[in-house]
Amino acid sequence: MSRIGYGAAQLPRLHDRRSEAVALLRRAVELGVNHVDTAEFYGFGFANAVIREALRPEDGVLVVTKVGADPDPGGRLPLRTAQRPEQLRASVEDNLRSLGTDRLPVVNLRRLDSGPGLRPEGYQVVDLADQLAVMTALRDEGKIGAIGLSGVTLDGLRRALPAGIVCVQNAYSLASRDDEDMLRLCAAEGIAWVPFFPLGGAFPGLPKVTEEPAVHAVAESLGVTPSQVGLAWLLHHAPNVLLIPGTADAAHLEANLAVGEITFDAATLATLDAIESRSNDVLLG
């Protein structure tokens, strides 16, 4: 598995230029990307449809999708929570259909317990054990290959370990390192740590890596961008980190993938490690 993949959340920006979206994914494969993160609610199925069109079996690309939220085109936000076991199963079926496959290699259960974003309310508050029961049933049925977690707490991950968790997707960046203990647990258990919002700043109130003076100083000294420094730090910080930066631009794609070549000496790494971590718990509703 290459350490830098591609996150499809930005693909819907090319909704009216579908051929460009397909070409962008083909370029990602040419550059060595072999894992892609997606969801049915990315562009109301657009991202999945593009992936279905662009990727070929011989590319050997692992497609990772997620459940726990559904598209909500008429809502104030473009998605709504879908945490009930029957909704998780329906979301798996939706992803199977839009991706044109009979098996999803990895499916992340988006718990929404931590980090920025929505929180479940009322009947959408579901015990993790009930959700894992339907996820493991889907795995036993062959509809999914492996289970991941997203928006999960440390206690939630510990409870889920017996189910066989292969990856965790939480909001995490150089400027917001709330989940350091969970990252260490994942490393000890051989679980991939796949940060979303790896540069922070996706919502108002989230700390932004690219606003840190130390990040700018390091970027200038190395002749790279502050964004590249933030992504490269994640790769240096722990060996189980996999990145899924997203973009709708081919040049930006190449810049994201180039961070794998950036190296830090001990003094530079210590400077970056010394940046203060701030919370990323920003709620939407």
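A crossing of two helices is left-handed if the near helix is turned anticlockwise from the far one by less than a right angle, and right-handed if clockwise. Helices here are DSSP runs of H or I with at least four residues, strands are E runs of at least two, and both are numbered from the N terminus.

What we have is a predicted model, where local features need pLDDT of at least 70, side-chain atom pairs count only at pLDDT 80 or more, and totals for chains, interfaces and linings use all residues. Residues are numbered from 1 along each chain as its sequence is written, and side-chain values use heavy atoms, without hydrogens or water.

First, the helix pair. Helix 1, residues 18-30, passes helix 2, residues 46-54, in a right-handed crossing. Their axes, lines fitted to C-alpha atoms over the stretch in contact, are 9 Å apart at an angle of about 60°. Who meets whom? Contact means heavy atoms within 4.5 Å. Helix 1 brings Arg 18, Ala 21, Val 22, Leu 25 and Arg 26. Helix 2 brings Phe 46, Ala 49, Val 50, Ile 51, Glu 53 and Ala 54. That makes eight nonpolar residues, no polar ones and three charged; Ala, Val, Leu, Ile and Phe are among the nonpolar types, while Arg and Glu count as charged.

Seven strands form an open, parallel sheet in the order 1-2-3-6-7-8-9. Pairing needs at least two DSSP bridges between two strands. Strand 1 (6-7) and strand 9 (192-193) are at the edges with a single partner each, so one side of each has no neighbour in the sheet. Strand 1 pairs with strand 2, residues 35-37, over two bridges. There, Tyr 6 stands opposite Val 36.

Terms used. Axes are lines fitted to C-alpha atoms, for helices over the stretch in contact, and angles run from 0 to 180 degrees between N-to-C directions.
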